[in-house]
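These are my notebook entries on one structure. I write down what I looked up, one topic at a time.

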There are 2 protein chains.
Amino acid sequence: MRGHLHELLQESREPWSPEEFEAALRAQGQSYHHLHPFHQRMNAGELSPEEIRRWAANRFYYQRSIPLKDAAILSNCPDIDVRRDWIVRILDHDGEREGEGGIEAWLRLGESVGLTREDLWSARHVLPGVRYAVDAYVTFCRTRPWLEAVAASLTELFGPDAIRVRLEAMERHYLWIDPAGFDYFRSRLKQAPRDARQALTLVLDGCRTRESQERAVAALALKCDLLWAQLDAIGQGNTQPAREHRDVE
Amino acid sequence: MRGHLHELLQESREPWSPEEFEAALRAQGQSYHHLHPFHQRMNAGELSPEEIRRWAANRFYYQRSIPLKDAAILSNCPDIDVRRDWIVRILDHDGEREGEGGIEAWLRLGESVGLTREDLWSARHVLPGVRYAVDAYVTFCRTRPWLEAVAASLTELFGPDAIRVRLEAMERHYLWIDPAGFDYFRSRLKQAPRDARQALTLVLDGCRTRESQERAVAALALKCDLLWAQLDAIGQGNTQPAREHRDVE
């Protein structure tokens, strides 16, 4: 795909120092989805109950897919020490038994905004744009080298600040929601910083050439795009004519 | 690939009863690798130390790949309850911390027959035929529906009997091996029956059409072939001229 000369130029470039590399990664936070108009409206208390429900149902499709992408990373990773650390994410999310874990916590959030578990598991409210974005992320983690998939997970670097703001806004503006529903965010405030540190160490240690460093930054940018695209679809909602209508035509 | 008429004939066929289906699965034990000449020679005490070392180093390539295939199953499985059970296999194999788990136990077996950990991790003794067979298994589990990959794991049904015979033969015939090295087999005697029961329940419950039942049997047959092919390669050893020789030509 690239010319030989270009390849030579690439290889001759110096790798970034760890500080430069980390700064390039953190700079991706400028396109993290906390800046998306939908999240801004959420934090300003402007979302209707219907919009909150649309967000919760669609975001659940992302939540339920997280263990699949983490298992894909596990499946592609030949390093037993990395696997022993990474598997904790799957246990956190799936829970070790029924009634535990991050997916269960999101189901409770869904219930507290007026959705049923069946609404959430059936994916009947999931918009095509959300589905494509989430599936693209899982496919990326299945098919790309595991360290790039780890780099994509570094949105965890930006998560806790966004969650703190969201949690406060939720509790202040959406009094119709039982605050027990926000437990998911409370546990992520503990888990995300640990996950981000672990992933950052792997990426800083593992990417020693400029090209691999740039691939890591690109993976993180791609992940920010995926999160943003989900909110684009959620913010817009379903603009398709109802299927019954189309069947009649 | 198949004609429409053939498709219709397929669909009209009755599913097997659970008993018939289980019998068809168990019948695959007739081509399980306990019958391979190499294992027969092992059990008769006829293997040289070099052959035992060749077996241990090559079989380690299989052992180290097991968590990768189990993570692939996890990554393809949308059922959270199944994932909560299946993840235990990865924890068993990788161990929850350094010094634990099935891979560690196999490393100790390798040491007790005179190999170093570096011999095992480097894969320098791994024969091409073993590599292809193991990689084919991991690829199968990554690319096929998760329930077929679960069916392939049902060689666990035949494992414990074979391990009991092997363990006794090892302790009787190979007095030069420290019996502590056989701990891997002792723990598999406990884990394998639990794993086999769990997988058998999933396959019997999940495959309700004749075609899906036959695909499960085919997956198990494929797995038996993979194990057999590994022993073919191990029994034969390396017949390639040394690379130095070829470089000179």
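**Entry 1. A buried charge.** I began with A:Glu148, which is buried at a relative accessible area of 9%; buried means under 20% relative accessible area, exposed over 50%, and partly exposed in between (1.4 Å probe, protein chains only). The side chain of A:Glu148 meets that of A:Arg144 in a salt bridge, 3.0 Å from N to O. I use salt bridge for a side-chain nitrogen of Lys or Arg within 4 Å of a carboxyl oxygen of Asp or Glu. A:Arg144 is partly exposed, with a relative accessible area of 33%.

**Entry 2. What I am looking at.** This is a predicted model, in which local features need pLDDT of at least 70 and side-chain atom pairs count only at pLDDT 80 or more, while totals for chains, interfaces and linings use all residues. Residues are numbered from 1 along each chain as its sequence is written, chains are lettered from A and ligands numbered from 1 in the order in which they are written, and side-chain values use heavy atoms, with hydrogens and water left out.

**Entry 3. Other salt bridges.** I searched the whole structure and found 52 salt bridges over all chains. One of them joins the side chains of B:Arg124 and B:Asp119 at 2.4 Å, N to O. B:Arg124 is partly exposed at 47% relative accessible area, whereas B:Asp119 counts as buried at 13%.

I also looked up B:Arg186 and B:Glu171, whose side chains meet in a salt bridge of 2.6 Å, N to O. This pair links distant parts of the chain: B:Arg186 is in helix 11 (residues 183-206) of chain B and B:Glu171 in helix 10 (residues 159-173) of chain B, 15 residues apart. Helices here are DSSP runs (H or I, at least four residues), numbered from the N terminus. B:Arg186 has a relative accessible area of 30% and is partly exposed; B:Glu171, at 37%, counts as partly exposed. Salt bridges that share partners also join A:Asp92, A:Glu156, A:Arg188, A:Arg194 and A:Asp195 into one network.

**Entry 4. Helix 5 of chain A.** Helix 5 covers residues 80-94 of chain A, 15 residues. From first C-alpha to last, helix 5 reaches 21 Å, close to the 21 Å expected at 1.5 Å a residue; the expected span is 1.5 Å times one less than the number of residues.

Is helix 5 of chain A mostly covered or mostly open? It is mostly covered, with 12 of its 15 residues buried. Among them are A:Ile80, A:Trp86, A:Leu91 and A:His93.

At the N-terminal end, A:Asp79 caps helix 5 of chain A, with a side-chain oxygen 2.9 Å from the backbone nitrogen of A:Asp81. After helix 5 of chain A comes A:Gly95, whose phi is positive, near 80°.

**Entry 5. Where the chains meet.** I counted contacts (heavy atoms within 4.5 Å). In chain A, 26 residues are in contact with 26 residues of chain B. The two chains bury about 1,900 Å² between them, 57% of it on carbon and sulfur atoms. Buried area is the accessible area (1.4 Å probe) that two parts lose on being put together, summed over both.

How many salt bridges are there between chain A and chain B? The count is two. A:Arg83 forms a salt bridge with B:Asp94, and the closest N and O atoms are 2.7 Å apart. On the side of chain A that touches chain B, the elements giving two or more residues are helix 4 (49-76) and helix 5 of chain A.

**Entry 6. A buried glutamine.** B:Gln213 sits in helix 12 (residues 210-236) of chain B. B:Gln213 is buried, with 3% relative accessible area. A polar atom of its side chain lies 2.7 Å from the backbone nitrogen of B:Trp16. Leaving out residues up to four places away in sequence, B:Gln213 touches B:Pro15, B:Trp16, B:Phe21 and B:Cys207.

**Entry 7. An alanine in each chain.** A:Ala123 has a positive phi of about 65° although it is not a glycine. I place A:Ala123 in the loop between helix 7 (117-122) and helix 8 (128-143) of chain A, and A:Ala123 is buried at 10% relative accessible area. In chain B, B:Ala123 also has a positive phi of about 65°. B:Ala123 is buried, with a relative accessible area of 10%.

How values were computed:
Polar contact = N/O pair within 3.5 Å; in protein donor to acceptor, adjacent residues only side chain to side chain.
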